[in-house]
Amino acid sequence: MTALIYIAAALAEIGGCFAFWAWLRLDKSIWWLVPGVISLVLFAYFLTLVPSDAAGRAYAAYGGVYIAASLLWLWAAEGVRPDRWDIAGAALCLTGAAVILFGPRWV
């Protein structure tokens, strides 16, 4: 369930940020900001659903998922295929996220 929440959060954050990118960098209509803001609100909401006692830990683990999802966006939405360094970096980040999420806690 946590993985699905993180994936939903990543899609919402990337979509919301891309709406701002499209408005400011791609000369799209200011109306792109309406779904962008809604998407960013959903992103914040999704992160509150992560079963964690500490917000910072949930956010830190999410960072790895966000990086991997951003590279998928790069490929799917922008037509730029990630190279081996992108993939290696995302793998490292996802490994770090797994350590944060699933590492033993003695407290």
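Guide: pLDDT is the predictor's confidence in each residue, on a scale from 0 to 100. This is a predicted model, and the mean pLDDT of the protein is 93, with 99% of residues at 70 or more.

Visitor: In which helix is confidence lowest?

Guide: The highest mean, 97, belongs to helix 2 (residues 33-48). At the other end, with a mean of 91, is helix 3 (residues 55-76). The element asked for is helix 3.

Visitor: Is the pair of F43 and Y62 stacked, edge-to-face or tilted?

Guide: The structure holds six aromatic pairs, this one among them. The ring centres of F43 and Y62 are 5.6 Å apart and the planes stand at 45 degrees. Stacked needs under 30 degrees and edge-to-face over 60, so the pair is tilted.

Visitor: How many residues apart are F43 and Y62?

Guide: F43 lies in helix 2 and Y62 in helix 3, so the pair links distant parts of the chain. The separation is 19 residues.

Visitor: Is Y62 buried or exposed?

Guide: Buried means under 20% relative accessible area. Y62 has 6%, so Y62 is buried.

Visitor: Is Y45 buried, partly exposed or exposed?

Guide: Y45 forms a tilted pair with F46, at 6.1 Å centre to centre and 50 degrees between the planes. The relative accessibility of Y45 is 46%, between the cut-offs of 20% and 50%. Y45 is therefore partly exposed.

Visitor: Which residue lies over the face of W21?

Guide: The distance to the ring centre of W21 is 4.3 Å. The residue is R25.

Methods. Residues numbered from 1 in each chain as written. Predicted model: local features only at pLDDT ≥ 70, side-chain atom pairs only at ≥ 80, totals over all residues. Heavy atoms only, no water. Helix = DSSP H or I, 4+ residues; strand = E, 2+ residues; numbered from the N terminus. Phe/Tyr/Trp six-rings, centres within 6.5 Å; stacked < 30°, edge-to-face > 60°. Buried < 20%, exposed > 50% of the residue type's maximum accessible area, 1.4 Å probe, protein only. Lys NZ or Arg CZ within 6 Å of the ring centre and 35° of its normal.
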